Amino acid sequence: MIARMQTTPAPHHAKVQARRWPNRELPETAEDDGASTIPELSEVAKACRRCPLWRNATQTVFGEGPDKAKVVFVGEQPGDQEDLAGKPFVGPAGKVFDAILDDAGVDRLKVYVTNAVKHFKFEPRGKRRIHSKPNAGEVQACRWWLDKELDLIKPNLAVALGATAAQSLLGKVVPIMKMRGAVVEREDGLRVFVTIHPSFILRIREPADKQAERERFLKDMKAVKTLMAA
């Protein structure tokens, strides 16, 4: 039986509605790491072997930000530059993300940024490493780390940046474009705001369409700022 938890409604002017979503249990094989802080958890994650992705990645790319942040932004996985730097959202998509957060009045230094999958999955093409989407098993294996991050930070809001993040946070495949801008309340009470990943903007070739999508994402981030204050 799923326990009913009180919904915290989004402000009316944010134009989002909260929906209930069943939470998922932690995997039974999760490590008993004993970490009680984000820095401790990050240190433990350096030796993660929960899925095969660690074999080809340079390093684990853990989350970054205040350990008591009000909002946690969750992306898909580190990219090439993140894999080399060991920090999330420092590549091209990260630069777009930072610029739009700034336009929306959200201080990145006050939010926690992480990914659903902590190792870079790629296909080698010559000297380049091309991003490859994590599969459901890899998302499932890495979900334990995200749950631990959320348990320690205890944010008021999580923002799912794209389909992989939404799947990790909500435990099932989510139609991003259909649910974009919606707030889903998990069984544990955590509110999850659903939107695109900023890399989606980079993939648009037509300048006018790219600018229009940037404006839509900016509108989403302004709604997030409103929810942060609620």
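Me: How do the axes of helix α1 and helix α4 run relative to each other: roughly parallel or roughly antiparallel?
Reply: Happy to start there, keeping in mind that this is a predicted model. The axes of α1 (residues 38-45) and α4 (residues 136-153) come within 10 Å and cross at roughly 165°. Angles over 145 degrees count as roughly antiparallel. The two helices are therefore roughly antiparallel.

Me: Which class of residue has 7 members in the contact of α1 with α4?
Reply: On the α1 side the contact is made by Ile38, Leu41, Val44 and Ala45, and on the α4 side by Trp145, Lys148, Glu149, Leu152 and Ile153. Of these residues, 2 are charged, no residue is polar, and 7 are nonpolar.

Me: What is the orientation of α3 to α8?
Reply: Helix α3 covers residues 92-104 and helix α8 residues 207-229, and their axes come within 9 Å. The axes cross at roughly 55°. Their crossing is right-handed. The angle makes α3 to α8 oblique.

Me: How many charged residues are in the contact of α3 with α8?
Reply: From α3, the contact takes in Phe97, Ala99, Ile100, Leu101, Asp103 and Ala104. Its partners on α8 are Arg214, Phe217, Leu218, Met221, Lys222 and Lys225. By class there are 8 nonpolar residues and no polar ones, and the charged residues number 4.

Me: Which element supplies the largest share of the lining of the largest pocket?
Reply: This pocket holds about 820 Å³ of space. Elements that each give at least two residues to its lining are α2 (80-85), α3, β5 (128-131), α5 (163-170), α6 (176-179) and α7 (199-202). The largest share is 4 residues, and it comes from β5.

Me: Which residues lie nearest the centre of the largest pocket?
Reply: The lining divides into 13 nonpolar, 11 polar and 7 charged residues. In total, 31 residues line the pocket. Nearest its centre are Ala93, His131, His197, Ser199 and Arg203.

Me: How many polar residues are in the lining of the largest cavity?
Reply: The count gives 1 cavity of 30 Å³ or more, and about 40 Å³ of space lies in the largest cavity. Cys48, Arg50, Cys51, Leu53, Val117, Lys118, His119, Ala141 and Cys142 line it. That lining has 6 nonpolar and 2 charged residues, and the polar count is 1.

Definitions and conventions
Residues are numbered from 1 along each chain as its sequence is written. This is a predicted model: local features need pLDDT of at least 70, side-chain atom pairs count only at pLDDT 80 or more; totals for chains, interfaces and linings use all residues. Side-chain values use heavy atoms; hydrogens and water are left out. Axes are lines fitted to C-alpha atoms, for helices over the stretch in contact, and angles run from 0 to 180 degrees between N-to-C directions. Angles under 35 degrees count as roughly parallel, over 145 as roughly antiparallel, 65 to 115 as roughly perpendicular and the rest as oblique. Contact means heavy atoms within 4.5 Å. Ala, Val, Leu, Ile, Met, Phe, Trp, Tyr, Cys and Pro count as nonpolar, Asp, Glu, Lys and Arg as charged, and the others, Gly among them, as polar. A crossing is left-handed if the near helix is turned anticlockwise from the far one by less than a right angle, and right-handed if clockwise. On a 1 Å grid over the protein atoms alone, a cavity is a set of points where a 1.4 Å probe fits but cannot get out, and a pocket is an open set with protein on both sides within 12 Å along at least five of seven lines; lining residues have an atom within 4 Å of a point. Grid points are joined across faces, edges and corners, and a volume is the space filled by probe spheres set on the points.
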